[in-house]
Amino acid sequence: MLKVLLLAILLLLPRAAAAEAALGLSRAAAEDRFGAFSLVQAADGTMWRRDEWLARPAGAPAASEYGYLTVAGDRTAAVWLTYDGQDIVSRVAVILDKTVSFRDLGSVLPALQAAAADPGTNTFLLRAYPRDLLAAVIPRPGGDLLVTFDNAGRRDATRLNTHSFVRGFTVARLTAAERELMTMADNDGARTARDGSWRRIENFLAPGLHFSEQLVARKRTDMLVIHHTKIENMTVASIHDLHLRNGWAGIGYHKVILPDGSVADGRPEYAVGAHAIGANSHSVGISLVGDFDVNLPSPAQMASLLALTAELAGKYGVSAANIVGHRDVYKDTTCPGRIFPWAEFKQALAKKLPAK
Ligand SMILES: [Zn+2]
């Protein structure tokens, strides 16, 4: 299975890179790359097989797009090319036979994701029929590229997120009119552009933590809840991934302390977390990477935990009694671990916190 998957990715990789590279090619060069076309979409919307097209009657409508079928491992992709009046490729559309989610796009189409993750890339929601599209404007010398993603199965634009499925994508150079609309949306931040067809959104294609729902600000903070990840060797990215798979908005902890003692940011600190049922609305969640049912946290982790809890307690005015382990607010867990040195930690903390 893995072998098949790898083969599929390897075969699809040049295809993804080719999608952008095909822009500007002559028809002969494009057919050199993709082989002979198999389908034609005529200007009146009718579809023709190659043999039908070659034998088409006089007076048949002009061709609008040519389709090239390609086999990519266990995936089939159709590449649709549009030629301009000089027979130069002006638009490339790729349709996959299987959908892939935005967040997994990089594992299937790394070249495309790398381009879309360019810091200069802006992403927009393009209002379209029958469903809205995620559109990315990728800066390129010689003219910005417009990539639109066919996010299959999502009719409600407000629900477009990292889980949304991509069935295919289209690459073209931006037209002057599109550029003008984009510039307006750009200047306008979150507001809608003049005709309402473009709305700036988060770039789900860039690396980073994308939350699948709008996060909610916490109204009060009077508790710090300490956890362990239970699974060794986790990173913020892998915790985020796991929590997304749980169906949550994303990583549920606000701070993560790695085995080397470094502190990483998880969910934004202002937001309600997803780490301790019953306490999320009024607490900050801190998780140490490790399984402290069987191992001890590293001295560096404990030193960082002490410094971080003292800092957050000072910032929010949290009392020592309200710096708790997950198991203190939820009975069905041993978190932050059976052998977590809780008593030592609380003693050390008591020395650091001002007496109340
Ligand atoms: Zn926990």
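**View 1. α8 passes α10 in a right-handed crossing.** A crossing is right-handed if the near helix is turned clockwise from the far one by less than a right angle, and left-handed if anticlockwise. This is a predicted model, in which local features need pLDDT of at least 70 and side-chain atom pairs count only at pLDDT 80 or more, while totals for chains, interfaces and linings use all residues. Residues are numbered from 1 along each chain as its sequence is written. The axes of α8 and α10 come within 10 Å and cross at roughly 45°.

**View 2. Residues of α8 meet residues of α10.** On the α8 side are Met302, Leu305, Leu306, Thr309 and Ala310. On the α10 side are Phe345, Ala348, Leu349 and Lys352. Two residues are in contact if their C-beta atoms, placed from the backbone, lie within 7 Å.

**View 3. Gln301, Ser304, Leu305, Thr309 and Ala313 of α8 are buried.** Buried means that 20 or more other C-beta atoms lie within 10 Å of the residue's own; exposed means 12 or fewer. Seen down the axis of α8, the buried residues fall within an arc of 155°, so they line one face of the helix. The arc is taken from the directions from the helix axis to the C-beta atoms. The face turned away from the buried side carries the exposed residues Pro299, Glu311, Gly314 and Lys315.

Methods: Helices (H or I, at least four residues) and strands (E, at least two) are DSSP runs, numbered from the N terminus. Axes are lines fitted to C-alpha atoms, for helices over the stretch in contact, and angles run from 0 to 180 degrees between N-to-C directions.
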